[in-house]
Amino acid sequence: IFLFAVFLSYTTAADSNTEAMGGISSTGISPESPSPPVYIKITWGALIGFTAFIAINFAGIDGIKMLSNLGGFPGAVIIFLSLVSLVKMMWTGEWRE
């Protein structure tokens, strides 16, 4: 039962992640067609799976830990740039327009 729950949790998270990455990296997303094309989701899923496979084979579980720590860096950069943009908008008064 535990292995089934882990498998179900992993596939749900992987599907959500590939859906989000596919939506970010494709055009033509609209309320009528909110999902990216299937080939884009398959490409992202294969790329993530291949990266995890390489990390586990060459660095073991520590490789996955390293990738998860490294994966937060781009998000931190985006948040920092958003903060700088917000401060600039407030400083110049552009938010009132």
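The legends below describe close-up views of a predicted model.

**Figure 1. Overall fold of the predicted protein.** The secondary structure consists of three helices and zero strands, and the elements run α-α-α from the N terminus on. The radius of gyration is 18 Å, well over the 13 Å that the globule rule gives for 97 residues, so the protein is more spread out than a compact globule. Along the principal axes, the C-alpha trace spans about 55 × 40 × 25 Å. Buried residues account for 8% of the 97 residues. Of the contacts between residues at least 6 apart in sequence, 17% join residues at least 24 apart.

**Figure 2. Salt bridge between Asp 15 and Lys 41.** Asp 15 and Lys 41 form a salt bridge in which the closest N and O atoms are 3.6 Å apart. The pair links distant parts of the chain, with Asp 15 in helix H1 (residues 2–24) and Lys 41 in helix H2 (residues 38–59), 26 residues apart. The relative accessible area of Asp 15 is 41%, so this residue is classed as partly exposed.

Figure 3. The side chains of Glu 19 and Lys 41 meet in a salt bridge with an N to O distance of 2.8 Å. Because Glu 19 lies in helix H1 and Lys 41 in helix H2, the pair ties together parts that are 22 residues apart in sequence. Glu 19 has a relative accessibility of 23% and therefore counts as partly exposed. Salt bridges with shared partners join Asp 15, Glu 19 and Lys 41 into one network. The count for the model comes to two salt bridges.

**Figure 4. Pro 37 in the loop between H1 and H2.** Pro 37 is located in the loop between H1 and H2. With a relative accessible area of 32%, Pro 37 is partly exposed. Thr 27 lies 10 residues from Pro 37 along the chain, and the C-alpha atoms of the two residues are separated by 9.7 Å.

**Figure 5. Helix H2 and Gly 60.** The 22 residues of H2 should span 32 Å at 1.5 Å a residue, and the end C-alpha atoms of H2 are 31 Å apart, which agrees. Gly 60 follows H2 and has a positive phi, near 70°.

**Figure 6. Helix H3 and Gly 93.** Gly 93 follows H3, and the phi of Gly 93 is positive, near 80°.

**Figure 7. Nonpolar patch on the surface.** Leu 67, Leu 70, Phe 73, Val 77, Phe 80, Leu 81, Leu 83, Val 84, Leu 86, Val 87 and Met 90 form a nonpolar patch on the surface. Together these residues have about 1,000 Å² of accessible area. One of the patch residues, Val 87, is placed in helix H3 (residues 61–92). Val 87 has a relative accessible area of 48% and is partly exposed, because the class of exposed residues begins over 50%.

Notes. Residues are numbered from 1 along each chain as its sequence is written. Side-chain values use heavy atoms; hydrogens and water are left out. A salt bridge is a side-chain nitrogen of Lys or Arg within 4 Å of a carboxyl oxygen of Asp or Glu. Helices (H or I, at least four residues) and strands (E, at least two) are DSSP runs, numbered from the N terminus. Buried means under 20% relative accessible area, exposed over 50%, partly exposed in between (1.4 Å probe, protein chains only). Patches are made of residues with over 30% relative accessible area and no salt bridge: like charges are joined within 9 Å, nonpolar side chains (Val, Leu, Ile, Met, Phe, Trp, Tyr) within 5 Å. Accessible areas come from the Shrake-Rupley method with a 1.4 Å probe; for residues, only the protein chains shown count as cover. The expected span of a helix is 1.5 Å times one less than its number of residues. The radius of gyration is taken over C-alpha atoms; the globule rule is 2.2 Å times the number of residues to the power 0.38. Contact means heavy atoms within 4.5 Å.
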